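Here is a friendly look at how the side chains pack in this model. We begin with the aromatic rings and then turn to the nonpolar cores.

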Amino acid sequence: ERAVYILAPIYDGFGGAALLISMILGVKIVLSQYFKAETASQLMLKHQVEVRVLVPIMLQRLLQQDLKNFQYNKVILSGGAALNPTLVKQTSNLLPNQLANLYGTSEAGFCIMATGEGLQQFPTTIGKKIKGVDIKILDENKKELPTKKVGMLCVKSSWTMTNKSDQWIETGDLAYMEEDGYCFLCGRIDDLVISGGVNVYPVELEHILLQHEAIFQAAVI
């Protein structure tokens, strides 16, 4: 029997959606009341978990446990927070092509997905839009920007909470698109710092700090 371990909180949209999808698929669902990396790692092996749904900090702590507990794993679905490129590279080295990143909002649901292949090529990407979703990048005047230009990420799909398939949702996230369709986040609009006339994005500084082996977590505000 296939097993899915939902480590992400099920009161959150990400964990709740994973629970509902798992129920529809009829797979075995593994849940924990509290997250403890050692216990979670042991449960992965005990229930022969093939898919685990988690947030990045959980993955970071699980990789510090015995990797033999990942022996049945096929997919790691990360969401709910940004993946830092150092963690992506570490996971790709230890568990090749297993990590996937999901991006979405409460209003629009899942919109963008990065597969293992995409993350290996671009560790900082949130991926490409999924089928049925349209995305665009707008400037401060709500005009659409070309590729490689940073602006507000807007999404549209037929399953948004607005019940209007033609209505765009402003995510409040700063992002840019590459020509091949990959999307990259630069942080929240209200996080942008202008220093000496140059746009500085805290998330980019966090990514640089996290590349240092002595730094486990970082937050730039």
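Tyrosine 182 counts as buried because its relative accessibility is 12%, where buried means under 20% relative accessible area, exposed over 50% and partly exposed in between (1.4 Å probe, protein chains only). This is a predicted model, in which local features need pLDDT of at least 70, side-chain atom pairs count only at pLDDT 80 or more, and totals for chains, interfaces and linings use all residues. Residues are numbered from 1 along each chain as its sequence is written, and side-chain values use heavy atoms, with hydrogens and water left out.

Phenylalanine 122 is partly exposed, at 23% relative accessibility, whereas phenylalanine 184 is buried at 6%. Rings of Phe, Tyr and Trp (its six-membered ring) pair if their centres lie within 6.5 Å; planes under 30 degrees apart count as stacked, over 60 as edge-to-face and the rest as tilted. The structure holds 4 such pairs, including these:

| Pair | Type | Centre to centre | Angle between planes |
|---|---|---|---|
| Phe122 and Tyr182 | tilted | 5.0 Å | 55 degrees |
| Phe122 and Phe184 | edge-to-face | 5.9 Å | 85 degrees |

Together with Tyr176, the residues Phe122, Tyr182 and Phe184 form one aromatic cluster.

Now for the cores, each a set of buried Ala, Val, Leu, Ile, Met, Phe, Trp, Tyr and Cys residues joined through side-chain atoms within 4.5 Å. The largest has 33 residues, and Tyr5 and Val53 have the most contacts inside it. A second, separate core of 14 residues includes Ala108, Cys111, Val133 and Ile135.
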